[in-house]
Every structure is written in C-alpha cells, then in structure tokens.
Amino acid sequence: MRNTTGAHGTALGSFLQARRSRLRPEDVGLDSDGKHRRVAGLRREEVAQLARVSVNYYTRLEQGQNRSASPEVLDALAGALRLSQDERAHLHDLAGSAGTQARPEPVAEHVRPAVARMISVYEQGPAVVLGRQLNILAWNELARILFSGHIDLGATETLPNLAELVFLEPGARRLYPVWTDEAHELAGYLRVMVGRYPGDPALSALVSKLSDNSPPTGRAG
C-alpha cells in the first residue's frame with residue numbers, strides 16, 4: 001500500500017514541508033544569500049529561526065520523530081509559515097492527530113484466587129485489597145464489620161470504593177482517628193494515579209465526583 005503521508009512519514013511533516021517550500025526568504029523578511037538552493041523555499045533552520053524554536057526540534061517535528069507540539073509552538077510555526085486561518089486550524093488538527101495515541105481499553109481488575117483465599121481467612125485484623133481507582137476488590141469479614149459499623153453499605157453486592165467512603169460518607173470521620181490525614185493521603189495517591197494514567201475515564205470520573213461532592217478536608221496544602 002502506498003504511503004500517502006509524504007516522504008517524512010507523517011501528514012504533519014508533509015504539511016510543514018509543503019508550506020515552507022512555497023515561501024522565499026524575502027517573503028518573510030529574511031535576506032537571501034544569493035546562493036543556489038538545493039530545495040525550494042525556506043530552509044528548516046530559517047523556519048526554526050522565525051518560530052523561535054531550535055533547529056533540531058523543528059527537524060524532528062517535520063520528520064515525524066517528535067509528534068507533539070504545544071499550541072504556542074504551533075501558532076509560532078503558523079506565523080513563520082504565513083498560514084491562513086484555515087491552514088492554521090488544519091495545522092493544529094494535524095498536530096492533535098499525530099500526538100494522540102490509541103489508548104488501550106481499561107482492563108478489569110481481579111483478585112487472584114490465592115490472594116482472595118488468603119484475605120478471606122485472615123483473622124488478625126481488617127484486611128482489604130484495593131484496585132487502582134481505590135475500589136475495594138476483596139475484604140475479610142473483620143473489614144466488612146469495621147466499615148458497616150460506621151457507614152451504611154447498603155444492600156448492593158458490589159464492594160464500595162474506599163475514596164468514596166472516606167470523602168463522601170459522614171460516618172468515615174468516626175472511622176479514622178485523624179480523618180484529615182487519611183483524606184490527604186488518599187488525595188495524594190489519586191493525584192499520582194491521574195498523572196500516571198491520564199486516559200483512564202473511570203479514574204477521571206471518580207476524581208470529578210469527589211471534587212464536586214466532598215467537604216473540605218480542613219487542612220491547607
């Protein structure tokens with residue numbers, strides 16, 4: 001199958017190359033050196049100079065080795081290449097498509113049978129297994145009794161989410177000796193997870209729900 005994205009392998013690179021090839025140095029306020037040019041239009045270093053980016057960065061962008069660029073850099077390139085409004089919008093669309101990678105479908109989290117058996121027979125204290133979004137995947141009888149003594153778990157067979165219990169259930173403040181410490185620890189964990197898995201829709205939905213409905217923790221920072 002023929003590659004339709006041009007010699008550089010990306011539509012973004014082909015677009016940048018085509019737009020710089022149609023400009024002459026004098027079109028953008030640069031002095032022509034009077035020498036014969038091997039390629040038509042502006043050189044890469046001239047585009048980089050006009051856009052105030054490094055030559056290496058621009059070269060990698062055009063060759064498809066670097067497929068991400070900030071909106072500010074794209075606007076600078078659009079100005080350097082004298083793009084029309086439609087061409088500027090197209091540049092942003094190409095950069096967005098090039099920088100977006102397919103995200104895998106979220107994988108359902110399960111507790112291994114051996115771990116589930118170990119948790120179920122553990123009698124030295126409450127024990128839980130947490131998933132990435134702080135869903136309680138398994139707990140022993142002592143943990144269930146501990147939570148149900150302070151929080152209405154309802155009749156659902158689905159195990160609750162620890163963050164929702166701590167932040168949204170009033171009884172959780174009686175469950176922890178220093179509730180603010182537990183709340184800040186969980187909030188810090190969620191910030192780390194959002195940074196590590198920015199494309200996880202369930203995690204994003206959980207953070208939005210907590211942000212919209214949870215009371216202030218009562219501690220700065």
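In this predicted model, helix H2 (residues 44–51) and helix H4 (residues 71–80) cross at roughly 120°, and their axes come within 8 Å. The crossing of H2 past H4 is right-handed.

**Contact of H2 with H4**
- On H2, the contact is formed by Val47, Leu50 and Ala51, and on H4 by Ala76, Leu77 and Ala80.
- The contact of H2 with H4 comprises six nonpolar residues, with no polar and no charged ones.

**Contact of H1 with H3**
- Helix H1 (residues 11–21) packs with helix H3 (residues 55–62) at an angle of about 115°, and their axes are 7 Å apart.
- From H1, the residues Leu12, Gly13, Leu16, Gln17 and Arg20 meet Tyr58, Leu61 and Glu62 of H3.
- By class, the residues of the contact of H1 with H3 are four nonpolar, two polar and two charged.

**Helix H11 and its two faces**
- Helix H11 spans residues 201–213, 13 residues in total, and its first and last C-alpha atoms are 18 Å apart, close to the 18 Å expected at 1.5 Å a residue.
- Leu203, Leu206 and Leu210 are the buried residues of H11.
- In general, an α-helix has 3.6 residues a turn, so residues three or four places apart point the same way.
- Pro201, Ser211 and Asp212 are exposed and lie on the face of H11 turned away from its buried side.

Key:
Residues numbered from 1 in each chain as written. Predicted model: local features only at pLDDT ≥ 70, side-chain atom pairs only at ≥ 80, totals over all residues. Heavy atoms only, no water. Helix = DSSP H or I, 4+ residues; strand = E, 2+ residues; numbered from the N terminus. Expected span 1.5 Å × (residues − 1). Buried < 20%, exposed > 50% of the residue type's maximum accessible area, 1.4 Å probe, protein only. Axes fitted to C-alpha atoms, helices over the stretch in contact; angles between N-to-C directions. Contact = heavy atoms within 4.5 Å. Nonpolar A, V, L, I, M, F, W, Y, C, P; charged D, E, K, R; others polar. Left-handed = near helix turned anticlockwise from the far one by under 90°.
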